[in-house]
Amino acid sequence: MTKIVSSWNDWDPLKRVIVGRCDNSVIPPEEPATSEKVPVDSEMRGMWGLRPLETVERGNECLENLVKILEDRGVIVDRPTPLQWNQAIGTPDFRNDSMMTCMPPRDILLTVGNEIMAAANSFRCRYFEYLAYWPLMEQYFEEDPEFKWTQAPRPRLTDKSYKHNYYDEKITLEERLVRTANKDFVTTEVEPMWDAADVMRMGKDLFIQHGLTTNRAAMDWFQRYYPDFRVHAVNFPGDPYPIHIDATFVPLRPGLIINNPHRPLPEEQRAIFEANDWQIVEAAQPAHTEPPALCYSSVWLSMNCLVLDPKTVIVEASEVYQQEQMDKLGMNVIPCDLRDAYPFGGGLHCSTADVYREGDCLDYFP
Ligand code: ARG
């Protein structure tokens, strides 16, 4: 009997992991959920189609750097099977002119204990992305008799799932921040929608970011699906584009979290951490003032690190300030050149999905 799948948090010793692939990646066409997310001043606005081949090759090279570091340390690395992403798709409820990519896996797969669940993503272009991981799921299912292979209820993503004209071309940054503060996001509440990267796993507690990609109905769904867990909705009013929690609030080990200084966790939501002696420290400044070309994410991918165990962390090679801070916080730092993979959806944590970490489901907030 082989145990292949088990992971309860983001810091226990990592033994097996999925690393994405950039092949056939597409800049997706605008759709109700994403037109609202591509910043107005972005060079990507209005552009869609296959990403240039040199950038795909370079992105894959970066991911190979990560694979090598992991394998050298004895971590088993699994890879998805990319589809031809530049195909039009349709369901009875919507059509979209293209899919996107199988980067980053963190957005699609949520591992909780011996279960890996494909998310209920809110982008239409990501509706079929899970298929790239199905060959791995089949393998785990065959080899690990305890593996629970799950698919969250598929959202219909009809026009009713989105607020239309939510995103006016002329909307200012200030107005976006007001909306974030008011928890006014592009998705409606007609069905649960969530990206796996909005879920931070901490043993018996799941902290889930309410933002552009995950709605409140998802919180309700999670609490009913995991009745023995505590589900906490968190939100970060300083973030004008709240998508995915892992460049905002990142645990390094039990008791220690780094928090994006532009997106502090509101006082009332800090209480549970303070009451349990967790320290929330401001993350170091990013080394760059701009994200790389054709990148959706902010410069704060600097803090999107991959923790290998409570004393060891992989940090992007050019992120010298973040490395320095990790070192001061008592972590051994392994640098990895990954920046040219950022345009494909994220940094070191995003580019991976947990399969196996040693350790059990603990209660860190008793
Ligand atoms: N929204 C984050 C930022 O730009 C990027 C998060 C990327 N994470 C991911 N899992 N794709 O700061």
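Visitor: Which backbone atom of glycine 345 lies 2.9 Å from the ligand, and which ligand atom does it face?

Guide: A polar contact is a pair of N or O atoms within 3.5 Å; within protein, one must be able to donate a hydrogen and the other to accept it, and residues adjacent in sequence count only if both atoms are side-chain atoms. Here a backbone N or O atom of glycine 345 lies 2.9 Å from a nitrogen atom of the ligand. The protein buries 94% of the 360 Å² that the ligand exposes when taken alone, with accessible areas from the Shrake-Rupley method and a 1.4 Å probe, where for residues only the protein chains shown count as cover. This is a predicted model, in which local features need pLDDT of at least 70, side-chain atom pairs count only at pLDDT 80 or more, and totals for chains, interfaces and linings use all residues. Residues are numbered from 1 along each chain as its sequence is written, and side-chain values use heavy atoms, with hydrogens and water left out.

Visitor: Which residues around the ligand come nearest, and how is the shell made up by class?

Guide: A residue is near a molecule or strand if one of its heavy atoms lies within 4 Å of it. There are 13 residues around the ligand, of which Asp107, Ile243, Asp246, Ser298 and Gly345 come nearest. The shell has six nonpolar, four polar and three charged residues; Ala, Val, Leu, Ile, Met, Phe, Trp, Tyr, Cys and Pro count as nonpolar, Asp, Glu, Lys and Arg as charged, and the others, Gly among them, as polar.

Visitor: What is the order of strands in the open sheet that contains β17?

Guide: Helices (H or I, at least four residues) and strands (E, at least two) are DSSP runs, numbered from the N terminus, and two strands pair if DSSP finds at least two bridges between them. The order is β16-β17-β18, with mixed pairing. β16 (306–309) and β18 (332–336) each have a single partner strand, so one side of each edge strand is left without a neighbour in the sheet. The twist averages 30° from one strand to the next. β16 and β17 (residues 312–316) pair in the antiparallel sense over three bridges, and they form a hairpin with two residues between them. Valine 307 has valine 313 in β17 as its bridge partner.

Visitor: Which helices lie across β17 and β18?

Guide: Contact means heavy atoms within 4.5 Å; axes are lines fitted to C-alpha atoms, for helices over the stretch in contact, and angles run from 0 to 180 degrees between N-to-C directions. Helix α1 (residues 53–72) lies across β16, β17 and β18, at about 145° to β18. Helix α6 (residues 320–328) lies across β17 and β18, at about 165° to β17.

Visitor: Where are the cis peptide bond and the positive phi found?

Guide: Most residues other than glycine have a negative phi, and most peptide bonds are trans. In this model a cis peptide bond, with omega about -15°, joins methionine 103 and proline 104. Proline 104 is in the loop between β6 (95–96) and β7 (109–112). Histidine 244, although not a glycine, has a positive phi of about 75°, and histidine 244 lies in the loop between β12 and β13 (249–253).
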